[in-house]
Amino acid sequence: MDFGTILDAALSSALGPQAIVFALAAIGLNVHFGYTGLLNFGQAGFMSIAAFGLAVTVVTWDLPFLVGILVGMVGAVLLALVLGVPTLRLRADYLAIVTIATSEILRLVFGAVEFKDTFGGSNGLTGFVRPYQNLNPYSDGFSLHIGSFGIVSFSKNDLWSITVGWLLVALSCLVVWALMRSPWGRVLKSIREDEDAVRSLGKNVFAYKMQALVLGGVFGGIAGIFHILKQGSAVPTDFNTTFTFYAYAALLIGGAARVLGPVVGSIIFWFLISGIGSFFSEATGGSDPVIPDWIMTQTQSSLVRLILLGLGLMLLMIFRPQGIFGDRREIAIDGR
Amino acid sequence: MAVELNAARSALASISKEPGSKKPDAIVVGSNITRTFGGLKAVDVEHIEIPRGVITALIGPNGAGKTTLFNLLTGFDEPDEGDWAFNGKKLSNVPAYKVARLGMVRTFQLTKVLSKLTVIENMRLGATGQRGERFFSAAFKSLWSSQEDANTVRADELLGRFKLDAKREDFAGSLSGGQRKLLEMARALMVDPELIMLDEPMAGVNPALKQSLLEHVKSLRDEGRTVLFVEHDMDMVRDISDWVIVMAQGQIVAEGTPQSVMADQRVIDAYLGAHHDTDITEIDLQDLEAEADAELDAEKDKA
């Protein structure tokens, strides 16, 4: 068993592009759920509409890359408006139902055979990433290791993606921080606590919820665009509901309603899921595996990480429901 | 101020005691307001006028429609029909937040403090017209910090007045029931309302705090605001109200000064039941049964 391989896998994933995608998506969910109390179960929908907005503009319509980015972001904003108008006046659960349904509808439409000419069917679209990769200043990959003991390694493309990605994460966090310390953020947090009280003080609750939905959706859109840029293809099946729920897991690990909660949560989430996955793959692999075949084969071992992830989330909810950054006193208030 | 108050009070003395009577200077005027829930007519008010500058109590037994009327007047619920006006401005179909901005602010029967915000943040939220509450200026602190400071000063004054200054940095969720009522009242004052509507301000408040709460309600009137409150506590009604409106089964059944209302037979009947001063052991059981049977028969005939 090679612990260098395990550490390399865990760290490369925790600091790599995949964690960045989830950090960005979770920052959006933090605005929705953490600050405003909006249950958005369709963050994957915001991601997919922005991703395909870019891909379709560049590949199908043959327009410039920057126009594609713009189309993608406008798509995310429009989706928020369309979802918000009918549901934000209703109870929170309706938004949850509508968003999860919409994200699935979008995924199925983008993958439909009927629209193969536009969205590329189940294989999705490729060939829009050139302008992005052309900007890459790095000529080599990066790998840090002590002897043969690996610590972390990135390919040339990943190195460019994490540079852009962490910059985006930092900018997003800055925006969230600046907004949430303001009176505007105070209104959002108050809406999360009690809508009617906010209304009775003369605030237009609907308008604030809509602003929050759009802002979080824009972060979701950035996550979607970054996702297809870092892997070079827009594939509809990437944007299934698991995507949203992994982002929620990351948010809850880090702590909701904390600026850095989703970022640290995402790093921890991917460190654990890749680390544990790599550990079991190493432990069951080779001619003389540490864990013998009759307990677990290598195929089975790939699922164990998900079992442990579920167990970990349960323990987190029991022993540290506020997440890493949360304030225990806030959770104690709920118990009253 | 005291002169005005006395004038307003003496004006009330000459007003007719009939339900829905006209007031010389009414801040809220409403007519034909109805609201049904399924088959139940929760509110059916022919005419209501709230006098300006004094404390008006809205009383009535449970289910009389007091809170529903509150919800209708403040835009938290929509009536089946009816129109009402605040300072002459019609409020039908005006959303709740706009009603509050006009200067008509309410509190809630089940206190609504924002638990996970500190007491001072609860207070700051109440201030109106904040530049920092607009999305595009929110991110730039220099645009709103001076206004925020001014609001904080005002909030601290109010906290001092309501004796909540020691709790300034505590989460509102950690306050006791009575302190929450105080906070809600203080927060409503941050809006600087002309009419403040208190829904059962005494519910769940311990007797020691009650007296100081009474003083606070009186102080609202003394600084020139109109107060309308719903209450079950008769001592409070007698103690502080200048005018009393009595509701039963959705309708206004009586109005008047506290003394005259408490002596009104319709009020006593509505509140305590027509048999309230008979000893139940003396009531003839057979009479009661006959009465009940007659009622049942009547129902059957209807069906």
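Is A:Asp8 buried or exposed, and how many C-beta neighbours does A:Asp8 have inside 10 Å? A:Asp8 counts as buried, because 22 C-beta neighbours lie inside 10 Å. Here a residue is buried if 20 or more other C-beta atoms lie within 10 Å of its own, exposed if 12 or fewer, and partly exposed in between, with C-beta atoms placed from the backbone. The model is predicted: local features need pLDDT of at least 70, side-chain atom pairs count only at pLDDT 80 or more, and totals for chains, interfaces and linings use all residues. Residues are numbered from 1 along each chain as its sequence is written, while chains are lettered from A and ligands numbered from 1 in the order in which they are written.

A:Asp8 sits in helix H1 (residues 3-15) of chain A. Helices (H or I, at least four residues) and strands (E, at least two) are DSSP runs, numbered from the N terminus. Apart from neighbours within four places in sequence, A:Asp8 is in contact with A:Gly150, A:Ile151, A:Val152 and A:Ser153; contact requires that the C-beta atoms of two residues, placed from the backbone, lie within 7 Å. A:Gly220 is 212 residues away from A:Asp8 along the chain, and 28 Å separate the C-alpha atoms of the two.

Two packed helices are described by the angle between their axes and the distance between the axes. For helix H4 (residues 65-87) and helix H11 (residues 205-231) of chain A, the axes come within 8 Å and cross at roughly 145°. Axes are lines fitted to C-alpha atoms, for helices over the stretch in contact, and angles run from 0 to 180 degrees between N-to-C directions. The crossing of H4(A) and H11(A) is right-handed; this term applies if the near helix is turned clockwise from the far one by less than a right angle, and left-handed applies if anticlockwise. The contact of H4(A) with H11(A) has 13 nonpolar, five polar and one charged residues. In this classification Ala, Val, Leu, Ile, Met, Phe, Trp, Tyr, Cys and Pro count as nonpolar, Asp, Glu, Lys and Arg as charged, and the others, Gly among them, as polar.

Chain A also meets chain B, with 26 residues of chain A in contact with 31 residues of chain B. On the side of chain A that touches chain B, two or more residues come from each of helix H8 (156-180), helix H9 (183-193), helix H10 (195-200), H11 and helix H15 (328-334) of chain A. H9(A) provides the largest share, seven residues. By class, this side of chain A has 10 nonpolar, six polar and 10 charged residues.

Chain B has 12 helices and 10 strands, and its C-alpha trace spans about 80 × 40 × 40 Å along its principal axes. Of its 303 residues, 42% count as buried. Chain B is divided into domain 1 (2-113 + 181-275) and domain 2 (115-174), with bounds from an automatic or database domain assignment. The C-alpha centres of these two domains of chain B lie 28 Å apart. Their contact takes 12 residues from domain 1 and 14 residues from domain 2. Helix H7 (residues 177-190) of chain B gives the most to the domain 1 side, with eight residues.

H7(B) also packs with helix H6 (residues 141-161) of chain B, at an angle of about 145° and with the axes 10 Å apart. The crossing of H6(B) and H7(B) is right-handed. B:Arg154, B:Ala155, B:Leu158 and B:Leu159 in H6(B) meet B:Ala186, B:Leu189 and B:Met190 in H7(B).

Turning to the strands of chain B, four form an open antiparallel sheet in the order S2-S1-S4-S5. Strand S2 (40-51) and strand S5 (89-90) of chain B each have a single partner strand, so one side of each is left without a neighbour in the sheet. Strands pair if DSSP finds at least two bridges between them; strand S1 (residues 26-37) of chain B and S2(B) are joined by 10. B:His47 in S2(B) is the bridge partner of B:Ser31.
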